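Please look over the model below before reading the points. They go from the whole chain to single residues.

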Amino acid sequence: ELMARAADKVIVQAEQIVDTEGLGFPENFRFQPFERSIVTQVVHAPYGAHPTGGGFDYGIDLAHLKTYSGSVGDAWPDYRTRYVEVSPEAYLDAVGGADHVRALAPAIY
């Protein structure tokens, strides 16, 4: 929240866009990290948090994070070509598809 308040612009990546009624206020109010009035833009990006977790939608893809962390030096251009310089659809296909990502168990903290 402090970083968002300090920023000139706040862009939120959203796995899903839902009506406010679907948020379950007031019982889920405690899960809202900061005031919506400080948000400049919302970007709908399904699976956009991958390879890190997407809240309750999917968990952390440890295998892909190992691939990413192993892509230093000479391996980086291949990783960049396969996963970074592609469309969101091509990225999702390259990591195993939507079914694979949805099957990643959410983390329990």
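1. The model is predicted: local features need pLDDT of at least 70, side-chain atom pairs count only at pLDDT 80 or more, and totals for chains, interfaces and linings use all residues. Residues are numbered from 1 along each chain as its sequence is written, and side-chain values use heavy atoms, with hydrogens and water left out.

2. The protein chain has 5 helices and 2 strands, in the order α-β-β-α-α-α-α from the N terminus. Helices (H or I, at least four residues) and strands (E, at least two) are DSSP runs, numbered from the N terminus.

3. Of the 109 residues, 23% count as buried. Buried means under 20% relative accessible area, exposed over 50%, and partly exposed in between (1.4 Å probe, protein chains only).

4. H64 lies in helix 2 (residues 62-69) and is buried, with a relative accessible area of 6%. Neighbours within four places in sequence aside, H64 is in contact (heavy atoms within 4.5 Å) with H50, P51, Y79, Y83, Y91 and V95. Under the same exclusion, the contacts of Y79 are H64, T67, Y68, S71 and V84.

5. F29 sits in the loop between strand 1 (11-14) and strand 2 (41-44). Is F29 buried or exposed? F29 counts as exposed because its relative accessible area is 57%.

6. The C-alpha trace of the protein chain spans about 50 × 35 × 25 Å along its principal axes.
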